[in-house]
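This report describes selected local features of one protein model. It begins with the conventions used and then turns to individual residues and cores.

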Amino acid sequence: MGKLDISRDIAEFINERKVFRRRQKKRLTKPFPWQHKKTLVVMKVVALLLAKHCHLVSKLKDLHPWIVNSGATSHMCQDKEVFSTLKQLSKSVNIVLGDGRALQAAGKGDITLDMVLPNGESKLCTMHNVLYVPSLSYNLLSVSQTSQRGNIIKFSESACYILSNSHKLIAKAEMKCGLEYNVVNKANVTCSLTNEDAWHRRFGHLGLCNLQKLSRKELVKGYKFDTSQELTFCESCTHGKQHRTKFPTSVRRAEVPLCLVHSDLCGKMNEKSLSGAEYVLSFIDDKTHFTWVYFLKRKDEAFEKFVEWKTMVENESGVKLKALRTDNGGEFTSPRFQSYLKKEGVVHECTVPKTPEQNGKAERMN
Ligand SMILES: [Zn+2]
């Protein structure tokens with residue numbers, strides 16, 4: 001029979017800890033922090049607060065968070081929609097609340113939650129034999145049912161961690177209002193906005209270092225930021241910092257030499273060459289990938305070098321240059337360069353500004 005008796009929280013809580021400690025002693029060589037007396041005291045206080053302030057927790061009805069509860073003998077959920085499987089109970093199960101009220105469980109089933117881990121990754125966790133209690137005000141994750149499956153629960157001052165029996169982190173529950181540990185899952189992650197996250201958003205998604213600096217130097221009145229806290233995963237920041245989608249690999253290739261030539265001017269170099277050159281002008285033939293390189297002392301030599309190169313290659317190959325692909329550099333878009341290309345009937349293919357990927361061959365050459 002499933003029971004929720006918050007007034008008996010502490011007795012059950014301590015009893016469970018004793019059973020749990022005995023089990024852990026057998027399994028582990030290293031003790032967990034919660035096994036220390038000090039942490040146990042903190043946990044007792046948490047249980048007391050839970051009993052005293054359960055009416056406050058019920059105000060969170062709209063959010064339906066999952067609360068880690070040591071008094072509940074079973075996981076309980078009030079939302080039918082989240083069950084992946086739900087069966088009717090053959091026998092009725094009564095849930096007794098701290099104030100003596102009894103609630104009826106309407107079914108039993110499995111629920112899969114998408115847990116958000118501290119590193120921002122998410123992990124699917126299935127809870128079995130969860131009681132469906134429609135009149136509950138919030139969902140409960142039972143400590144005893146979790147530990148009965150061999151999982152380990154660690155409590156700290158600000159969070160509770162659920163680990164598998166192989167010590168892998170399964171889920172994290174954050175302390176809310178100093179009263180309860182709310183399980184951080186994707187459905188509730190928007191409700192679990194911490195104070196630090198709120199400041200991060202208020203300042204237009206300002207980075208952690210700068211938020212800490214504001215606090216350290218006391219630059220903002222009424223600004224309360226815990227510098228020891230890390231920011232939780234921010235989806236907007238991730239989207240904002242994303243660049244653009246990958247450029248598709250070009251499949252078009254010139255069929256004859258000099259049909260398309262890629263060119264780029266590289267420089268100014270930090271060091272001059274022995275002959276005093278500071279720029280490198282390259283021409284790459286799309287068909288043969290044959291490359292010519294010229295070293296220039298000044299940018300404006302590019303035009304003369306281009307004319308010189310064009311005359312040379314056309315004489316050598318007997319074919320005419322048909323298209324030249326460059327970026328929008330001034331040396332290629334100057335009126336003199338443009339009118340020469342027009343006169344010679346050479347098509348000038350310019351890249352879209354700030355998109356060097358479109359002239360990938362010449363850029364990689366540089
Ligand atoms: Zn952000």
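## Conventions

Helices (H or I, at least four residues) and strands (E, at least two) are DSSP runs, numbered from the N terminus. Residue numbers start from 1 along each chain as its sequence is written. The model is predicted: local features need pLDDT of at least 70, side-chain atom pairs count only at pLDDT 80 or more, and totals for chains, interfaces and linings use all residues.

## Strand S5

Ala102 belongs to strand S5 (residues 102-105). A residue is buried if 20 or more other C-beta atoms, placed from the backbone, lie within 10 Å of its own, exposed if 12 or fewer, and partly exposed in between. Ala102 is exposed because 10 other C-beta atoms lie within 10 Å. Leaving aside residues up to four places away in sequence, Ala102 touches Asn94, Ile95 and Val96 (contact: C-beta atoms, placed from the backbone, within 7 Å).

## Nonpolar cores

A nonpolar core is a set of buried Ala, Val, Leu, Ile, Met, Phe, Trp, Tyr and Cys residues joined through C-beta atoms within 7 Å. The largest comprises 32 residues, and Ile67, Val68, Met76, Val133, Ala173 and Val183 have the most contacts inside it. Another core, of nine residues, lies apart from it and includes Val261, Ile284, Leu321 and Leu324.

## Backbone geometry

Asn129, in strand S7 (residues 122-132), has a phi of about 50 degrees; it is partly exposed, as 15 C-beta neighbours lie inside 10 Å. His205 has a phi of about 60 degrees and sits in the loop between helix H5 (195-202) and helix H6 (208-216).

The peptide bond from Gly267 to Lys268 is cis, with omega near 10 degrees. Lys268 lies in the loop between strand S13 (261-266) and strand S14 (279-285).

Notes: Contact = placed C-beta atoms within 7 Å.
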